[in-house]
Amino acid sequence: MLINSLSLLFAFTDFINEWEAFGIILVLAVLIDWISPQPAEFYEFRNPQSLYYYLHASWLGHLRLKDAFWPFFILFNAVLVYIDYRIEEGSFTVASWVTVHIIMTMPLIYWTGAVWRCSDKCSSKRWASAARLLTVLAFLEFGLRWVILDQYPNILFNCQQMITQWGDC
């Protein structure tokens, strides 16, 4: 997350530099740490028996933070790495790349709600703040990818993909 989009923007554009990105992430980290709750003294842990009950319990905040955070974090980053790999290889169209981002938006919203509701069920406030920060950075990642698509498509897409999408290179 943020590795491919930020490195492309740092290397090929003047949209944002390293210090600005560091400042934005630092301010977000401080704000999120400030609003993150203290860990609960005691909480009821539920062991979901199926995927439906897992999704329901995580959305309602009845799971431990690590159980709500890690599965989607791994899935989300795997999807981003995969679609970036496919676009670099030229075996994916721009429309397919955008479609996968649109498809991942709803699970991202779900994941954010689940992590924020489960963040009082962890061992320390720092872990809760880190998990919340990573969910916010996932939205920032989508924003940076939109900037790349809209303003700087030539740094990610090859000429054949751009001709198919926009009609010129």
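**Entry 1: a salt-bridge network**

I started with Asp84, Glu141 and Arg145, which are linked in a network of salt bridges (a side-chain nitrogen of Lys or Arg within 4 Å of a carboxyl oxygen of Asp or Glu). I'm working on a predicted model, where local features need pLDDT of at least 70, side-chain atom pairs count only at pLDDT 80 or more, and totals for chains, interfaces and linings use all residues. Residues are numbered from 1 along each chain as its sequence is written, and side-chain values use heavy atoms, with hydrogens and water left out.

For Arg145 and Glu141, I get 2.4 Å between the closest N and O atoms. The two are four residues apart in helix α6, so about one helical turn separates them. (Helices are DSSP runs of H or I with at least four residues, strands are E runs of at least two, and numbering goes from the N terminus.)

My cut-offs: buried is under 20% relative accessible area, exposed is over 50%, and partly exposed is in between, with a 1.4 Å probe and protein chains only.

**Entry 2: other salt bridges**

I count five salt bridges in the structure. One of them joins Asp33 to Arg126, with the closest N and O atoms 2.7 Å apart. Asp33 sits in helix α2 and Arg126 in helix α6, so this pair ties together parts 93 residues apart in sequence. I noted Arg126 as exposed, at 58% relative accessibility.

I also looked up Arg64 and Asp67, whose side chains meet in a salt bridge at 3.1 Å, N to O. Arg64 is partly exposed at 29%, and Asp67 is partly exposed at 22%.

Rolling a probe the size of a water molecule over the atoms shows where empty space is left. The largest pocket holds about 240 Å³ of space. It has 13 lining residues, and Leu65, Lys66, Trp70, Cys122 and Trp127 are the closest to its centre. Helices α4 (65–89) and α6 (125–151) are the elements that give two or more residues to this lining. By class, I find nine nonpolar, one polar and three charged residues in the lining of the largest pocket.

The second largest pocket has about 200 Å³. Of its 13 lining residues, Tyr54, Leu55, Phe72, Pro107 and Tyr110 are the closest to the centre. Which element gives the largest share of this lining? It's α5, with five residues. The lining of the second largest pocket has twelve nonpolar residues, one polar and no charged ones.

My terms: on a 1 Å grid over the protein atoms alone, a pocket is an open set of points with protein on both sides within 12 Å along at least five of seven lines, and lining residues have an atom within 4 Å of a point. Volume is the space filled by probe spheres set on the points, which are joined across faces, edges and corners. Ala, Val, Leu, Ile, Met, Phe, Trp, Tyr, Cys and Pro count as nonpolar, Asp, Glu, Lys and Arg as charged, and the others, Gly among them, as polar.

**Entry 3: a loop residue**

Asn47 is in the loop between α2 and α3 (51–60), and it's exposed at 57% relative accessible area. Its C-alpha atom is 8.0 Å from that of Leu63, which is 16 residues away along the chain.

Conventions
1 Å grid on protein atoms, 1.4 Å probe; cavity = no way out; pocket = protein on both sides within 12 Å on 5 of 7 lines; lining within 4 Å.
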